[in-house]
Amino acid sequence: MKLLIINGPNLNMLGKREPTLYGHDTYNDLTRLITDTCLALKIEVDVYQSNHEGDIVDRIQQAYDDADGIVINPAAYTHTSVAILDALKAVAIPAVEVHLTDISEREEFRHVSYAGMACVKTYKGLGFDGYVEAIKYLYEYLSSGSAN
Ligand code: DQA
């Protein structure tokens, strides 16, 4: 099983960026948690981050050939990008959306998630644990063909 983890703009600034919202742990801490979680489950993983919408679309398209499942935190593009939504629909690979914060409890403009419309599940407001839950969910989903 191979998973692709995608993180959108400004998530590379974790640890420095608005720590009261996003915490003090860094992007490197997050990638370590993701790789450790996947290692324990014997999942191959590629952890990708970009600040550029088109690059994220390109990476999703590439996943058609190299991933069984996608975990995506599109960050600000969550609320604006029909292109990322369309890319997820185009490749039709099971995808789980993650947000560190609870976007439904924040500003009105964060309440809409385009990418989420193409995802089988969303974890929000759990911090880094949301990625662990998303990986475990996809593992079950892909192993059994269904999950709850
Ligand atoms: C975020 C929430 C988004 O609204 C915001 O633009 C981000 C991070 C989160 O993980 O909570 O950059 O996706």
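Modeller: Helices (H or I, at least four residues) and strands (E, at least two) are DSSP runs, numbered from the N terminus. This is a predicted model: local features need pLDDT of at least 70, side-chain atom pairs count only at pLDDT 80 or more, and totals for chains, interfaces and linings use all residues. Residues are numbered from 1 along each chain as its sequence is written, and side-chain values use heavy atoms, leaving out hydrogens and water.

Biologist: Does T37 count as buried or exposed?

Modeller: T37 is found in helix α2. Buried means under 20% relative accessible area, exposed over 50%, and partly exposed in between (1.4 Å probe, protein chains only). T37 has 12% relative accessibility, so T37 counts as buried.

Biologist: Which residues is T37 in contact with, leaving aside neighbours within four places in sequence?

Modeller: Contact means heavy atoms within 4.5 Å. The buried residues of α5 pack against several elements, including α2 (27–40). V132 and I135 are among those buried residues of α5. With its neighbours within four places left aside, T37 is in contact with V132 and I135.

Biologist: How far apart are the end C-alpha atoms of helix α5?

Modeller: The expected span is 1.5 Å times one less than the number of residues. Helix α5 has 16 residues (129–144), so it should span 22 Å. The model agrees, for the end C-alpha atoms are apart by 23 Å.

Biologist: How many residues of β4 are buried?

Modeller: In a regular strand the side chains alternate between the two faces of the sheet. Both faces of β4 are covered, with A95, E97 and H99 buried on one side, and V96 and V98 buried on the other. Strand β4 is largely enclosed by the rest of the structure, because its buried residues number five of the five.

Biologist: Which residue stands opposite V96 in β4?

Modeller: Two strands pair if DSSP finds at least two bridges between them. Strands β3 and β4 run parallel, joined by three bridges. Opposite V96 stands V71.

Biologist: What share of the ligand's area does the protein bury?

Modeller: A polar contact is a pair of N or O atoms within 3.5 Å; within protein, one must be able to donate a hydrogen and the other to accept it, and residues adjacent in sequence count only if both atoms are side-chain atoms. Polar side-chain atoms of R17 and N73 each lie 2.8 Å from an oxygen atom of the ligand, and a polar backbone atom of L100 is 2.8 Å from an oxygen atom of the ligand. Taken alone, the ligand exposes 320 Å² (Shrake-Rupley method, 1.4 Å probe). Of that, the protein buries 99%.

Biologist: Which residue's side chain makes a polar contact with the side chain of R110?

Modeller: R110 lies in the loop between β4 (95–99) and β5 (121–124). R110 counts as buried because its relative accessibility is 17%. R110 is one of the residues around the ligand (a heavy atom within 4 Å). At 2.7 Å, its side-chain partner is E107.

Biologist: Which residue's side chain makes a polar contact with the side chain of D46?

Modeller: D46 is found in strand β2 (residues 44–49). At 27% relative accessibility, D46 counts as partly exposed. Not counting residues up to four places away in sequence, D46 touches K2, L3, L4, I5 and R59. The side-chain polar contact, at 2.7 Å, is with R59.
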